Amino acid sequence: MLGIYLQRSTILLTGTGLLITLVYIFTKPILRLLGQSNEIASAAALFVHGLIPQIYAYAVNFPIQKFLQAQSIVLPSAIISLTTFLLHLVMSWALVYKAGFRLLGAALVLSLSSWIIAASQFVYIVTSPRCKQAWTGFSLQAFSGLPEFLKLSAASAVMICLESWYYQILLLLAGLLHNPKLALDSLSICFLIGGWIMVISIGFNAAISVRVGNEIGAGHPKSAAFSVVVAKLVSFSISLVAAIVVLALRHVISYAFTEGEDVAKAVSELCPLLAISLILNGVQPVLSGILRPLLAFAIRGKSNETVGEVGRKVKLLV
């Protein structure tokens, strides 16, 4: 059924991508309606239009990653991602600086890199003997039970959206300030730093989500509880160290991205809040990853237990 779930997820995410594409196409009028300046709205629209192909790469890539993670196949994805990252650096330099495509070039390279990762992982699934039992080819069964599968996915989708949207809302609000360029520059640097650190926590999010789901499904609540403790402690420790480093370098950290002294001063003032955010984001994604399989078990009705009862079995406070 893993292969069927992979295909069902891809179908649903592709359908969702069609709706998101409409938002991307009309980015400029939407931002203007929200009060953004014409300059900011135009630049954002240009970048977003180049990201449209990436929507559908994500629709393929996310289910593939879960398909592999559920079988504890991680190293191939890591190698593919690292190789694509190095290629991405070269392509970004060529299109953004040498060819002069700037914003559009950066977006197109992101889209191309996402498709390279998705295609490479799919080729691995089709050709690797490790996946031959889970992947038996395309099946019309993938089109059955889509409404139920959508219901199962909705809870996770809401959590992921809320994790991402609050950053975007802050950026929108920054564009309405008295000096929107300075606000956007300083916030963008803080969000970029936060995003780099949060990627680590997102890794723990994916790992603990799969591990807790597998262990509870196998009837091993103690193993699930141990995995939860390890994931939370390691993710929190890394985020705490990152927060200390950010505070120690708060007066110079922005110079890695820009030479502007005004931006450097603004980033320095924001660093204490950034440090707090880093610590919180070191815990929140892990908790989100824990809750997803618990919600899935409750929604699917495979267990007579409520979410709270399952949570207590793995020593969680829900």
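Visitor: How is a pair of aromatic rings described?

Guide: A pair of aromatic rings is described by two values, the distance of the centres and the angle of the planes. In this predicted model, a search of the whole structure finds six aromatic pairs. In one of them, the ring centres of F122 and F138 are 6.0 Å apart and the planes stand at 35°, so the pair is tilted.

Visitor: Which parts of the chain does the pair of F122 and F138 tie together?

Guide: F122 belongs to helix α6 (residues 102–127), while F138 is in the loop between α6 and α7, so the pair ties together parts that are 16 residues apart in sequence. F122 is partly exposed, at 25% relative accessibility, and F138 is exposed, at 67%. F122 and F138 also form one aromatic cluster with W135.

Visitor: What are the distance and angle for W196 and F257?

Guide: The centres of W196 and F257 are 5.8 Å apart, with 45° between the planes, and this aromatic pair is tilted. W196 lies in helix α8 (residues 180–217) and F257 in the loop between α9 (221–248) and α10 (261–300), so the pair ties together parts that are 61 residues apart in sequence.

Visitor: Which residues make the nonpolar surface patch?

Guide: The patch, of about 780 Å², is made by V158, L162, W165, Y166, I169, L170, L173 and L176. L162 is located in helix α7 (residues 146–174) and is exposed, with a relative accessible area of 54%.

Note on methods
Residues numbered from 1 in each chain as written. Predicted model: local features only at pLDDT ≥ 70, side-chain atom pairs only at ≥ 80, totals over all residues. Heavy atoms only, no water. Patch = residues over 30% accessible without salt bridge, like charges linked within 9 Å, V, L, I, M, F, W, Y side chains within 5 Å. Areas by Shrake-Rupley, 256 points an atom, 1.4 Å probe, with all protein chains shown as cover. Salt bridge = Lys/Arg side-chain N within 4 Å of Asp/Glu carboxyl O. Helix = DSSP H or I, 4+ residues; strand = E, 2+ residues; numbered from the N terminus. Buried < 20%, exposed > 50% of the residue type's maximum accessible area, 1.4 Å probe, protein only. Phe/Tyr/Trp six-rings, centres within 6.5 Å; stacked < 30°, edge-to-face > 60°.
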